[in-house]
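This report is written for a reader new to the structure. Please keep the sequence and the model in view while reading.

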Amino acid sequence: MIKNLLKKPHIIIIGILLIGGLILSAKAMLGNNIEAEKKEEVAQKVKTVKLELNGHDKAVLETVGTVKAKTRIDVVALSKGTVRNIFFSVNDKVFQNQALASLSDSLTLTNLISAETNFANMQNNQIASERLANETVRQAELGVQAALDSVEAAEIGVNSARDNLNNYLALRDKSNEDAKTNAVVSYFGYLNSVFSALDQINTIIKVDESALSPGSILLDPSIGAKNLSALPSAKLSYKNAKTAYDNIKNITPNNNTIDNDLSALVSAMEKTEIAVSDMINLLNNTVTGLDLTETWLNAQKSNFIGLRSSMVISVSTAKATMQTLQNISLINTQDESSLNNAILSAENRLSTARISYENSLVALENTKQGSSQQKISAQISLDSSRSQLNLSQIQAGDLSIRAPITGKITKRTIELGAQLSPGTKIAEISQTDLLTIETDISAEDVLKIKLNEEVKLLIFNEELTGIITKIFPSADPITKKVRVEIAYDNKDNKLIPEAFVNVIIPLQKKIKNKKSLFIPLRAVIINANENYVFTVTDGHASKTVVNLGETRGTEVEILNGLNNTDELIVEGAKIVEDAEKVEIIK
């Protein structure tokens with residue numbers, strides 16, 4: 001075959017040309033496909049949220065709670081027998097005293113033998129009655145001794161409670177004086193912060209020329225040039241704060257006057273805070289130039305923003321100190337009343353213990369007198385056992401098990417023909433119309449929730465609403481968490497007792513004199529060099545570097561970098577790139 005082809009070279013050349021053409025066509029088609037793929041830009045799918053400034057610090061706490069029925073009762077068999085009839089199924093609603101099952105006991109002979117044995121035991125009991133009487137007397141004597149020990153312990157308790165009151169009264173006055181002394185020391189620190197803030201303001205706007213150093217430069221006309229009312233407003237705020245400062249700067253507070261002096265100082269601090277805020281507004285309306293550089297202006301803005309934050313904290317701390325001083329008298333009264341109540345309670349226990357001791361003496365005497373009645377009692381028991389023997393001979397038939405409460409059958413644990421013993425569980429009845437969800441949260445987060453607050457309950461992608469009905473007054477000593485109970489109206493039977501449910505609790509705390517911008521923490525990309533987020537601009541992702549503030553729950557504060565109404569990518573931020581086309585999922 002090959003030899004025949006070699007004899008025809010024109011056929012070989014034509015074949016080579018055809019193969020080459022096919023290869024070139026395939027390469028052209030592949031190149032076109034690659035070029036088409038390059039031209040087609042695939043949009044990443046993301047979820048976004050519109051940013052909004054607000055005056056509250058809002059966050060949520062995501063946790064897990066356990067569903068608890070209002071009441072849950074185990075229904076048990078009261079006697080041995082075989083299950084003959086079952087009158088209920090799981091999820092049936094039953095009423096109190098309703099028949100749930102019937103048992104059949106064919107072991108009559110066994111019961112008869114037991115009754116005969118019991119009769120013989122009662123005969124022996126007559127012989128042992130005298131010995132039992134002696135033992136009873138001995139136990140009564142031990143009871144007298146125990147009662148006497150209780151009296152002595154109660155007397156020690158009374159003395160201890162009185163000692164506690166005396167020790168408290170001795171330490172209370174010193175503790176109060178220490179609190180006032182600390183407040184006096186803090187007073188001068190707050191006063192210096194007011195002076196420092198006013199000095200920094202005056203250095204720029206030069207309202208009080210007498211406080212300026214010789215040779216200070218004149219007020220630059222470009223300050224507040226964007227808004228002519230900004231400078232007069234800043235000067236007026238400065239004067240108000242300066243007047244308040246001048247009224248208190250020469251005051252020397254002491255432990256007797258610190259309450260009123262601290263109140264006047266807080267007023268001056270609040271006016272200084274307003275002056276600092278007006279200075280920030282003035283700097284925001286200032287035009288840079290040859291004398292006022294952009295670097296200087298930005299430095300001043302940063303300085304006064306930090307100064308305002310410091311002043312806000314100082315005002316809050318000073319108010320807390322003032323509140324503490326105002327509450328000293330009330331707290332002292334409450335503590336002293338509590339200790340007096342403890343003394344009264346201890347004295348009541350002592351009185352009760354003494355009565356118990358007297359009663360034990362009477363009981364001992366009665367026990368001695370009753371020993372002679374033991375034989376009579378033994379005879380009565382013997383007669384009773386004989387009656388029980390007669391009753392056992394005629395006992396037969398069915399035993400009925402009934403519902404102890406009204407509710408819903410949530411569990412069934414028996415089948416027909418099963419052999420049951422007394423105490424065997426046959427079913428569980430729960431009252432599920434009103435459920436309680438129990439969850440434990442940190443002591444810090446407890447301060448941010450309140451009673452009757454609505455919370456979200458998430459189960460199987462469905463959102464339900466519950467109400468906080470109880471916040472326990474103390475934390476668990478082991479977990480250090482506080483138990484919170486949430487009520488849920490389960491009339492639609494959407495929750496199952498003892499199941500877990502996701503709980504979302506809103507956390508709120510008012511922030512005074514501050515506009516805050518909080519975003520979901522999952523939207524921020526954090527690395528060693530910078531922190532940034534992605535916003536959407538004209539259908540494309542835009543990388544934006546941000547400065548982070550404090551974290552509240554699942555949200556973080558943005559100090560700068562974002563603007564109100566920006567469209568922030570909250571899901572998908574970690575897979576997009578800057579300028580990449582995105583598709584917003586509603």
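## A buried threonine

T544 counts as buried because its relative accessibility is 16%; buried means under 20% relative accessible area, exposed over 50%, and partly exposed in between, with a 1.4 Å probe and protein chains only. The residue T544 lies in strand β17, which covers residues 540–545. Strands are DSSP runs of E with at least two residues, helices are runs of H or I with at least four, and both are numbered from the N terminus. When neighbours within four places in sequence are set aside, T544 is in contact (heavy atoms within 4.5 Å) with N531, Y532, V533, T535, G561 and L562.

## Basis of the model

The model is predicted: local features need pLDDT of at least 70, side-chain atom pairs count only at pLDDT 80 or more, and totals for chains, interfaces and linings use all residues. Residues are numbered from 1 along each chain as its sequence is written, and side-chain values use heavy atoms, with hydrogens and water left out.

## The chain as a whole

The protein chain contains eight helices and 21 strands. Of its 586 residues, 32% count as buried. Among contacts in the protein chain with a separation of 6 or more, 77% come from residues 24 or more positions apart.

## A three-stranded sheet

Three strands form an open sheet in the order β14-β19-β18, with antiparallel pairing; two strands pair if DSSP finds at least two bridges between them. At the edges are β14 (518–520) and β18 (547–552), each of which pairs on one side only. From one strand to the next, the twist averages 40°.

Strand β19 (residues 555–560) runs antiparallel to β18 and is joined to it by four bridges. R552 has E555, in β19, as its bridge partner.

## Two helices in contact

Helix α4 (residues 230–248) and helix α5 (residues 258–284) have axes that come within 8 Å and cross at roughly 160°. The two helices are therefore roughly antiparallel, a term for angles over 145 degrees. Their crossing is left-handed, meaning that the near helix is turned anticlockwise from the far one by less than a right angle.

Among the residues making this contact are A234, Y238 and A241 of α4 and A268, K271 and D278 of α5. By class, the contact of α4 with α5 comprises 15 nonpolar, five polar and two charged residues. Here Ala, Val, Leu, Ile, Met, Phe, Trp, Tyr, Cys and Pro count as nonpolar, Asp, Glu, Lys and Arg as charged, and the others, Gly among them, as polar.

Technical notes. Axes are lines fitted to C-alpha atoms, for helices over the stretch in contact, and angles run from 0 to 180 degrees between N-to-C directions. Angles under 35 degrees count as roughly parallel, over 145 as roughly antiparallel, 65 to 115 as roughly perpendicular and the rest as oblique.
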